[in-house]
Amino acid sequence: MSFYAAPNRQEIYIPLTSLRFFDDISTLHAWFESRNCPQEYIQTYLAALLRADEDLPAPLIAFGLDREKLFADNYTYDLSGKIYSSGVQFILAHELGHLLLEHQPGTGGAESRRQEAEADEFALNHFARLGGNPMGIFWYYQAAWWHDPASEKSRRENTHPVSAERIRAMANRLIENPRDFAHGEVNPEREASLVRQLGMMTAAFADLIDDDSFLTWLAPAMFNDFPLSDLKQACPT
């Protein structure tokens, strides 16, 4: 999950391995939702891989799933494509924002948080111009959060913090102006309702990660209730 801009070289880095990883995660979320499987298993995997730094195989391999079989299900194919494509569009627009807004690399603290918030706003403005639903941001930042430093102090010092403040700002915009992100869709009214739901989900996520004690009990509880040893039985084809 390593995406970044280098403004001094006017370059954006989008590693193929990171794209493949996000594609797998998008596919997993869509498949689990289509079968009403407990998605906590996906969070257990992310926590073990990105937070605990365990040596685990790629997502679909870890869950014993075959992409072609999953994509034979129309719901999974459609939803995973929407999550992945909108997520990648957001990432590209966010990093492009860093370049066009002439942000300085290597900053930390308040300046880093300001630049990240500005790049987020730039990316959301892109979706608003197109009238498209940026649904991928929820699943992208949910995964990216596991890779972030655990404490609020560390997040304040990080150069790319996934902070509650940052997530909440995006959530509020989706909740307050859902039609901005729906006017280009086939059914704008239906899509606006989905955008608002997305905003509420994102706001709830921001509230959770705003509490440092959340991690104290979350990861151990997931490893106990949704263990890594059960991944291949979590949502079989």
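## Helix packing and a disulfide

In this predicted model, helix α7 (residues 136–147) packs with helix α10 (residues 188–209) at an angle of about 15 degrees, and their axes lie 10 Å apart. Because angles under 35 degrees count as roughly parallel, α7 is roughly parallel to α10. The crossing in which α7 passes α10 is left-handed.

The contact draws on F138, W139, Y141, Q142 and W145 from α7, together with L198, M201, T202, F205 and I209 from α10.

A disulfide is a covalent bond between the sulfur atoms of two cysteines. A search of the whole structure finds 1 disulfide, and C37 and C235 are the residues joined by a disulfide, with an S to S distance of 2.1 Å. This pair links distant parts of the chain, 198 residues apart. The link of C37 and C235 is right-handed, with 70 degrees about the S-S bond.

| Cysteine | Location |
|---|---|
| C37 | loop between α1 (residues 16–34) and α2 (residues 40–51) |
| C235 | segment after α12 (residues 231–234) |

Are these cysteines buried or exposed? Both C37 and C235 are buried.

Conventions. Residues numbered from 1 in each chain as written. Predicted model: local features only at pLDDT ≥ 70, side-chain atom pairs only at ≥ 80, totals over all residues. Heavy atoms only, no water. Axes fitted to C-alpha atoms, helices over the stretch in contact; angles between N-to-C directions. Helix = DSSP H or I, 4+ residues; strand = E, 2+ residues; numbered from the N terminus. Parallel < 35°, antiparallel > 145°, perpendicular 65-115°, else oblique. Left-handed = near helix turned anticlockwise from the far one by under 90°. Contact = heavy atoms within 4.5 Å. Disulfide = S-S within 2.5 Å. Buried < 20%, exposed > 50% of the residue type's maximum accessible area, 1.4 Å probe, protein only.
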